[in-house]
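Hi there,

Here is the structure I promised to pass on. Have a look at it first, and then read on for what turned up.

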Amino acid sequence: MSLTRIYGLFLRHFYLITRSFPRILDLVYWPSIQITLWGFISNFFATHTTYYNNAVGVILTCAILYDFLFRTSIGFNMLFLEEIWSRNFTNLFIAPMKIGEILTSLVITALIRSLIGLVPAILLTSPLFGISILDLGIFLFSLFLSLYIFGITLGILVSSGLLRFGPSFENIAWSTMFLLAPFGCIYYPIETLPEIFQKIAYVLPLVYIFEEARNILINQTVNIENVYYAFIWNAFYFSLSIALFYYSFNAAKNKGTLINMGE
Amino acid sequence: MKNLIEVKNIKKNYGKKEAVKGISFKVEEDEILGLLGPNGSGKTTTIGMLLGLLKPTSGQIFINNLKLEENRIKILEMINFISPYIELPKKLTVRQNLYVYSKLYKVQNINERIEYLSEKLRIGELLNSITGELSSGQKNRVSLAKALVNEPKVLLLDEPTASLDPEVGDFVRTFLEDYKKEKKISILLASHNMNEVTRLCKSVLMMKNGEIIDQGKPIDLIEKHGRTNLEEVFLKLSRSKSEFN
């Protein structure tokens with residue numbers, strides 16, 4: 001692994017983001033709008049339900065966590081798509097970069113992109129709704145880490161599809177998170193799902209992450225088992241995504257996708 | 001002379017379709033080899049295989065005596081490519097693009113290298129311009145600078161002067177001739193501009209339907225086929241294969 005090359009690819013995206021005010025605005029705008037919207041919806045729920053004793057806090061916290069996951073995954077895909085849209089894809093793949101270096105650089109850049117959007121959204125919740133995500137305490141870090149790994153995993157899986165099938169796979173890039181969201185039990189307990197859906201949900205790390213966030217906020221207790229299962233499933237899917245990326249890269253070299261991508 | 005490119009009987013199949021049917025050739029150092037052929041003849045596929053973007057179905061490729069299959073990263077460090085079909089990130093300035101690629105190729109003394117290439121390729125005044133806002137001729141010279149940022153031993157050029165006006169086209173051709181002479185590099189040039197090929201190439205390969213159907217020095221091919229220039233030879237060979245086999 002060469003840090004110089006990893007830094008070089010990071011710089012390519014850093015320059016792109018910092019040169020363009022609309023890009024920075026886009027990164028900040030959607031999470032902030034999302035949080036504001038969910039804040040007002042939660043305020044309304046709080047006056048019409050007895051389920052949550054802290055409806056605004058729970059829903060807003062989950063909204064922030066979900067948005068972090070969404071931004072990380074989309075952010076990773078965007079970095080890959082940027083290369084295709086700018087017709088720079090071939091230049092990147094004929095540079096002497098190992099696949100591991102490309103992935104590492106994109107993983108770091110995706111984190112920075114997500115944080116650019118997330119930090120203003122978190123700051124906004126306090127003055128507007130009197131909510132602080134820091135109420136989750138030190139377990140906040142483990143939840144964020146789990147979400148980040150799963151977001152990156154989804155990003156790598158979609159990028160594998162882009163490598164294997166070319167730009168026509170782009171639409172899938174936008175829809176993955178929407179497909180998984182119902183099974184993630186982001187805003188509701190897993191019991192809300194039909195039994196067959198529960199079985200699917202239990203093999204995703206999301207359900208453990210969001211169950212734990214609600215558990216901490218509602219019951220003020222920590223269930224380490226949830227954190228543990230989230231990491232186990234994350235490790236499984238992350239390893240799978242890396243293996244699939246390498247497989248797709250080799251398949252693309254056989255099929256000719258890498259050279260056609262630039263044309 | 002040392003062979004910097006050596007291709008041994010490479011084939012590339014896409015399913016049942018044979019895109020390249022077992023071709024072999026060599027390019028010595030300080031040589032420009034022309035790769036000619038009509039669209040779909042297998043030129044781009046061949047270049048893709050040399051760049052490691054495509055895996056040959058069979059056969060072997062050696063760059064600077066290193067087997068590509070086993071030394072992909074080492075080989076990519078000493079090779080580069082320019083094509084009108086690929087571009088540099090449009091929103092970055094020219095300097096940022098050259099800086100990024102210098103990092104990817106682990107170039108030492110990056111600023112010195114950028115200054116050197118800027119002077120040689122007359123892009124000094126463009127360094128702080130946005131790449132996407134440049135004219136085709138300016139973009140072409142910037143892409144060439146990117147392709148030379150790692151001081152490649154092997155340069156693969158796919159239509160390097162396509163869509164350039166005659167003045168810029170001539171500048172690029174002169175630059176390539178001088179650079180090749182100075183650095184003793186090997187260049188594989190795929191082009192449809194027969195005057196360019198006649199001027200730059202020591203020898204040419206004529207491809208059709210994935211095969212090499214003729215090869216030799218441009219002047220010898222013109223004489224062999226009883227034509228007055230390479231374009232006429234190209235047309236003759238493109239339109240009929242059997243009579244030359």
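At what angle do helix 1 and helix 5 of chain A pack, and how far apart are their axes? In this predicted model, helix 1 (residues 3-19) and helix 5 (residues 99-129) of chain A meet at about 45°, and 8 Å lie between their axes. An angle under 35 degrees would count as roughly parallel and one from 65 to 115 as roughly perpendicular, and helix 1 and helix 5 of chain A are therefore oblique to each other. Their crossing is right-handed. On the helix 1 side of chain A, the contact is made by A:Arg5, A:Ile6, A:Leu9, A:Phe10 and A:His13. Helix 5 of chain A brings A:Glu101, A:Ile102, A:Thr104, A:Ser105, A:Ile108 and A:Thr109. By class, the residues of this contact between helix 1 and helix 5 of chain A are five nonpolar, four polar and two charged.

Helix 6 (residues 139-165) and helix 10 of chain A pack at about 20°, with their axes 8 Å apart. With angles under 35 degrees counted as roughly parallel, helix 6 and helix 10 of chain A are therefore roughly parallel to each other. Here the crossing is left-handed. The contact of helix 6 with helix 10 of chain A holds 17 nonpolar, eight polar and one charged residues.

Now to where the chains meet. On the chain A side, 30 residues are in contact with 26 residues of chain B. Helix 1, helix 4 (89-93), helix 10 (224-255) and helix 11 (257-261) of chain A are the elements that each give two or more residues to that side. Helix 1 of chain A supplies the largest share, ten residues. Sorted by class, the side of chain A that touches chain B has twelve nonpolar, eleven polar and seven charged residues.

Chain B itself splits into domain 1 (3-78 + 153-244) and domain 2 (86-151). Taken over C-alpha atoms, the centres of the two domains of chain B are 25 Å apart. Eight residues of domain 1 and nine residues of domain 2 of chain B take part in the contact. Helix 6 (residues 166-183) of chain B gives the largest share of the domain 1 side, three residues. That domain 1 side of chain B has five nonpolar, one polar and two charged residues.

Six strands of chain B form an open sheet with mixed pairing, in the order 6-7-8-3-9-10. Strand 6 (79-82) and strand 10 of chain B are at the edges with a single partner strand each, so one side of each has no neighbour in the sheet. From one strand to the next, the twist averages 20°. Within the sheet, strand 3 (residues 31-36) and strand 8 (residues 186-190) of chain B run parallel and are joined by five bridges, with B:Leu35 opposite B:Ala190. Helix 9 (residues 230-239) of chain B packs on the sheet and touches strand 3, strand 9 and strand 10 of chain B. The direction of helix 9 makes about 30° with that of strand 9 of chain B.

Strand 9 (residues 203-208) and strand 10 (residues 211-216) of chain B pair in the antiparallel sense over five bridges. B:Met206 has B:Asp214 of strand 10 as its bridge partner. Two residues lie between the strands of this hairpin, where B:Asn209 takes a positive phi near 50°.

Best wishes

Terms used
Residues numbered from 1 in each chain as written. Chains lettered and ligands numbered in written order. Predicted model: local features only at pLDDT ≥ 70, side-chain atom pairs only at ≥ 80, totals over all residues. Axes fitted to C-alpha atoms, helices over the stretch in contact; angles between N-to-C directions. Helix = DSSP H or I, 4+ residues; strand = E, 2+ residues; numbered from the N terminus. Parallel < 35°, antiparallel > 145°, perpendicular 65-115°, else oblique. Left-handed = near helix turned anticlockwise from the far one by under 90°. Contact = placed C-beta atoms within 7 Å. Nonpolar A, V, L, I, M, F, W, Y, C, P; charged D, E, K, R; others polar. Domains from an automatic or database assignment. Pairing = 2+ DSSP bridges.
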